[in-house]
Amino acid sequence: MSGAFKLVVVGGVAGGASAAARARRLSETAEIVVFERGPYVSFANCGLPYHVGGVIADRRKLLVQTPRSLRARFGLDVRVSTEVVRVDREAREVVVRSRDTGGEYRERYDALVLSPGAEPVRPPVRGVDDPRVMTLRNMEDMDRVIAGVQQAEGPALIVGGGYIGLEMAEALRHRGMGVVLVERLPQVMAVADAEMVAPLHDELRRNGVDLRLNASVDAFETTADGLVARLSDGSRVACGLALLAVGVRPETRLAREAGLAIGPSGGIQVDAQMRTSDPAIWAVGDAVEVKDLVRGVPALIPLAGPANRQGRIAADAIFGRPSRYTATQGTAIVKVFGLSFAMTGASEAALQRAGLGYRRVYVHPADHATYYPGAQTISLKLLFEPVDGRILGAQAVGAAGIDKRVDVIAMALRAGLTVYDLEEAELCYAPPFGSAKDPVNLAGFVAANVLRGDVELWEPEELASLRPDQALVDVRTRAEFAAGTIPGATNVPVDELRARLGELPREKELLLFCHSGLRSYVAARLLTQRGFRARNFSGGYERYEMWSGTAARAAAVSSDDGMLEAQALP
Ligand code: FAD
């Protein structure tokens, strides 16, 4: 080895820039070269939709660092518009090509970090190469979308209801464009459970998005009307531009051609220190395969947080520190107009597919004390191990306070905590911020009540086959009952229960519900102590409404239409 230790990094955005900056903090003497194919480094790819929508007005704000600032602060040799086209493992050299001149040269490395990211999938449909059919990954894509918007006559067609599709739907509505959003599944956010994202469908429609679920694009055609998309449901959509947001695929070409091991999920295989099958090469970010924390299986989970942390860990490993990356849990959030949806860990659907046992509870508390102005309902679903109560996943949707609840549960999940720990969690409280019993505590109480046997639950799927010896009882107020209830229910408000016990059929099992599951829990405790058989409906009428719309949509789709086809993770 001649000269200083030399680290070469491929890809200068999330994982690559993190690895390079961390490397410098660990070694003042190493030579660090970063190659970036595009003209920018360290730009805020997560911010792209918000510049399209005008919320981030100044484009320069997206350029978090520049080659010049990275040189000044970290002494990095950043070469943009330069693509690494080959890795010569034997010689420990990369072959790079300037995109400006086409000229090629070789660069030696002692350690190589690959952070090439993931590319947007372009489904192989006719007409997909039309320049008006775009994807969004980097600054240049964003500039193309903005130019397309300015020229477009007609609405934008967004294909795919993952988080990029949703953020772009909002962004383009902000710009005053008509938006048609086409999603192949009966729900947006394929990684989530259907009932938890049902409110996003209403929010999209309320904000003028023409949402077409259970539909995909079969072809793009150029007609006298301009660009026309032919959809699988037989309809045609004339649009000014189309944005494909149907998922991403890890960029593994360099790694494959260099003979590095690729994992079963299709990402570059790495060990806990992000080292590939070649001891001198590390890989991080969207291109690598990670272990799914809850299911323990290999997975592709392309998110900015893991990419940044992995970059740091790879640099630590290269400079002799024992940092380890354990697994990814998929903590993610998306804003859809006035609502936010967030999740961490496994969804119920993912647990079912993995054949893992679980229990689920739902709560619908306010984000802060209801007597303080502006309180908003949070719908929170908690999934947990049926015997020991270990947290397996959580999803929440609402207008406020979603991020902090899911973040707290994410931390608990990461630490291997249980629903009993959520009962005990001591969280910030003053009326503008929360409640003395935080939604996280409440979810813990409800889940722990179930595990301790204090209450038994009934599930909405049971409604399809109610037996004659079962009775549905709505324990909300008369006014709430009159405004809408589950078909077949009788109304006995919880506050009248003790006085009206004689009206309730002792020979029947009582399936209780209220608005959120809280009053009916009180009712269940009262009735079971007085000798009735009673079960509670976790999540109450609020959940029933989320569930019934979802069930109707799911029934409208044939069961073998490839519903679970891979989609971009949030
Ligand atoms: P990238 O950040 O994509 O960087 C890879 C870089 O490598 C690219 O710039 C590419 O040009 C370069 N490159 C590839 N091959 C070569 C080569 N051979 N030679 C030289 N350079 C090469 N995640 C979240 O967690 N939250 C969000 O809100 C969020 N929003 C997003 C919004 C959008 C529009 C997009 C596109 C992504 C978003 N993400 C979000 C995902 C997040 O940006 C990625 O998970 C993260 O950037 C991955 O980091 P990475 O280093 O693996 O890849």
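**Exercise 1. A salt bridge of lysine 381**

Task: In this predicted model, find which side chain meets that of lysine 381 in a salt bridge, and where the two residues lie.

Solution. 
1. Lysine 381 pairs with aspartate 193, at 2.8 Å from N to O.
2. Buried means under 20% relative accessible area. Lysine 381 has 0% and therefore counts as buried; aspartate 193, with 4%, is buried too.
3. Both residues belong to a network of salt bridges that also includes Glu195, Glu348, Arg360, Glu459, Glu461 and Arg543.

**Exercise 2. Two further salt bridges**

Task: The whole structure has 44 salt bridges. Describe the one between glutamate 83 and arginine 37, then the one between aspartate 292 and arginine 295.

Solution. 
1. In the pair of glutamate 83 and arginine 37, the closest N and O atoms are 3.8 Å apart.
2. This pair links distant parts of the chain, 46 residues apart: glutamate 83 is in strand β4, and arginine 37 is in the loop between β2 (31–35) and α2 (48–52).
3. Arginine 37 is partly exposed, at 30% relative accessible area.
4. Aspartate 292 and arginine 295 meet at 2.9 Å, N to O. Aspartate 292 is buried at 10%, whereas arginine 295 is partly exposed at 29%.

**Exercise 3. The ligand site**

Task: State which residues are closest to the ligand and how much of the ligand's accessible area the protein covers.

Solution. 
1. The ligand is surrounded by 30 residues, the closest being Gly15, Glu36, Val84, Ser115 and Asp286.
2. On its own the ligand has 1000 Å² of accessible area, and the protein covers 91% of it.
3. Two or more residues of the shell come from each of α1 (14–26), β4 (82–88), α5 (163–174) and α8 (304–318).

**Exercise 4. Two loop residues**

Task: Decide whether serine 347 and tyrosine 371 are buried or exposed, and place each in the chain.

Solution. 
1. Serine 347 lies in the loop between β22 (339–345) and α9 (348–354). Its relative accessible area is 4%, so serine 347 is buried.
2. The serine 347 side chain reaches the backbone nitrogen of alanine 350 at 3.0 Å.
3. Tyrosine 371 lies in the loop between β23 (359–363) and β24 (378–384). At 62% relative accessibility, tyrosine 371 counts as exposed.
4. With Tyr372 and Tyr429, Tyr371 makes a nonpolar surface patch of about 350 Å².

Technical notes:
Residues are numbered from 1 along each chain as its sequence is written. This is a predicted model: local features need pLDDT of at least 70, side-chain atom pairs count only at pLDDT 80 or more; totals for chains, interfaces and linings use all residues. Side-chain values use heavy atoms; hydrogens and water are left out. Patches are made of residues with over 30% relative accessible area and no salt bridge: like charges are joined within 9 Å, nonpolar side chains (Val, Leu, Ile, Met, Phe, Trp, Tyr) within 5 Å. Accessible areas come from the Shrake-Rupley method with a 1.4 Å probe; for residues, only the protein chains shown count as cover. A salt bridge is a side-chain nitrogen of Lys or Arg within 4 Å of a carboxyl oxygen of Asp or Glu. Helices (H or I, at least four residues) and strands (E, at least two) are DSSP runs, numbered from the N terminus. Buried means under 20% relative accessible area, exposed over 50%, partly exposed in between (1.4 Å probe, protein chains only). A residue is near a molecule or strand if one of its heavy atoms lies within 4 Å of it. A polar contact is a pair of N or O atoms within 3.5 Å; within protein, one must be able to donate a hydrogen and the other to accept it, and residues adjacent in sequence count only if both atoms are side-chain atoms.
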